[in-house]
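Please keep the sequence and the structure in view while reading.

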Amino acid sequence: MVRATIEHNLLYDRPHRVYAMGPVFRHERPQRGRYRQFHQIDVEALGLPGPDVDAELIVMLARLWKKLGLTDIRLELNSLGQAEERAAHRAALIEHLEAHKDVLDEEAQRRMYTNPLRVLDTKNPAMQEMANAAPRLFDFLGEESRAHFQGVCDRLDDAGIAYTLNPRLVRGLDYYNLTVFEWVTDRLGAQGTVYMVHQGEAAQRKASLLAEQLRDAGLQ
């Protein structure tokens, strides 16, 4: 949806709220408990910065779960900050992982330099103590990122939405930034995430670059 928005210049006159739903397919090998084909609902708030729209999405979902009668779902919340803040955290995290290399499994050692944030998302019991002691990304956030996150929390408090701060809730791609949250449950096994979201202003730049590459390759 981001690429389509940029290609057709949909933001030329005003911000937009858009959605899509339907079957999608995983390109990579599905993890245990997941299928290659699944159904997904996407909502996007394009051109609307600030904490208000993040809280709006969360409140919308809380109302949806209530209408569906779902009760065993909890909200986990974190902030990924901005690129320069993640870069400082990444350096500290790699140093921490190198100091505990003896407890890293094969997958973690493979990701240690390419995608160290995802190492913190490990489900390996032998690595939990190491992951819990790792530098927290939140401690590297600057004033603006902290203010944005506090704004989200304040609005959720005002709306009566309960949440848990999860400093290990991360995303591995570099265009994710600021608020990230998941609605999770313990009743679905490996497929415990009901809904996840990120805010990525840089995603629009990534999509624009991808569109140019597709045009150059004659695929559009």
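## Confidence in the model

The structure is a predicted model. The protein chain has an average pLDDT of 81, and 82% of the residues score at least 70. Among the elements, helix α7 (residues 143–159) has the highest mean pLDDT, 96, whereas helix α8 (residues 201–216) has the lowest, 47. The pLDDT is below 50 over residues 200–211, a stretch that has 23 contacts in the model beyond near neighbours in sequence. Where pLDDT is low, the predicted coordinates should not be read in detail.

## Helix α2

Helix α2 comprises the 18 residues 51–68. After α2 comes G69, which has a positive phi, near 75°.

Buried positions occur along this helix: P51, V53, D54, A55, L57, I58, V59, L61, A62 and W65 are buried. E56, by contrast, counts as partly exposed, with a relative accessibility of 36%.

Which elements give two or more residues to the largest nonpolar core? This core has 18 residues, and those with the most contacts inside it are I58, L75, L77, L156, I161, F181 and W183. The contributing elements are α2, β3 (74–79), α7 and β5 (177–184). Helix α2 provides the largest share, six residues.

The surroundings of L75 illustrate how separate parts of the chain meet. Leaving aside residues up to four places away in sequence, L75 touches I58, L156, I161, A162, Y163, T164, F181, E182 and W183.

## Strand β3 and its partners

Strand β3 is mostly covered, with five of its six residues buried. It runs antiparallel to β5, to which six bridges join it. In this pairing, E76 of the chain stands opposite E182 in β5.

Strand β3 is also joined to strand β4 (residues 164–165), here by two bridges and in a parallel arrangement. L165 in β4 is the bridge partner of L77. L77 is also listed among the residues with the most contacts inside the largest nonpolar core.

Not counting residues up to four places away in sequence, S145 touches S79, G81, Q82, E85 and L178. The C-alpha atoms of S145 and T179 are separated by 9.0 Å, although these two residues lie 34 residues apart along the chain.

## Salt bridges

Side chains of opposite charge can pair when their charged atoms come close. The model contains seven salt bridges by the rule applied here. One of them joins R17 and E56, whose closest N and O atoms are 2.8 Å apart. This pair links distant parts of the chain, since R17 lies in strand β1 (residues 16–25) and E56 in helix α2, 39 residues apart. R17 is exposed, with a relative accessible area of 56%.

A salt bridge also joins the side chains of R74 and E76, at 3.4 Å from N to O. R74 is partly exposed, with a relative accessible area of 35%, whereas E76 is buried, at 13%.

R110 forms a salt bridge with E107, and the closest N and O atoms of this pair are 3.9 Å apart. Both residues belong to helix α4 (residues 106–111); because they are three residues apart there, about one helical turn separates them. An α-helix has 3.6 residues a turn, so residues three or four places apart point the same way. R110 is exposed, with a relative accessible area of 55%, while E107 is partly exposed, at 40%. A network of salt bridges links E107, R110 and R111.

Conventions. Residues are numbered from 1 along each chain as its sequence is written. This is a predicted model: local features need pLDDT of at least 70, side-chain atom pairs count only at pLDDT 80 or more; totals for chains, interfaces and linings use all residues. Side-chain values use heavy atoms; hydrogens and water are left out. pLDDT is the predictor's confidence in each residue, from 0 to 100. Helices (H or I, at least four residues) and strands (E, at least two) are DSSP runs, numbered from the N terminus. Contact means heavy atoms within 4.5 Å. The expected span of a helix is 1.5 Å times one less than its number of residues. Buried means under 20% relative accessible area, exposed over 50%, partly exposed in between (1.4 Å probe, protein chains only). A nonpolar core is a set of buried Ala, Val, Leu, Ile, Met, Phe, Trp, Tyr and Cys residues joined through side-chain atoms within 4.5 Å. Two strands pair if DSSP finds at least two bridges between them. A salt bridge is a side-chain nitrogen of Lys or Arg within 4 Å of a carboxyl oxygen of Asp or Glu.
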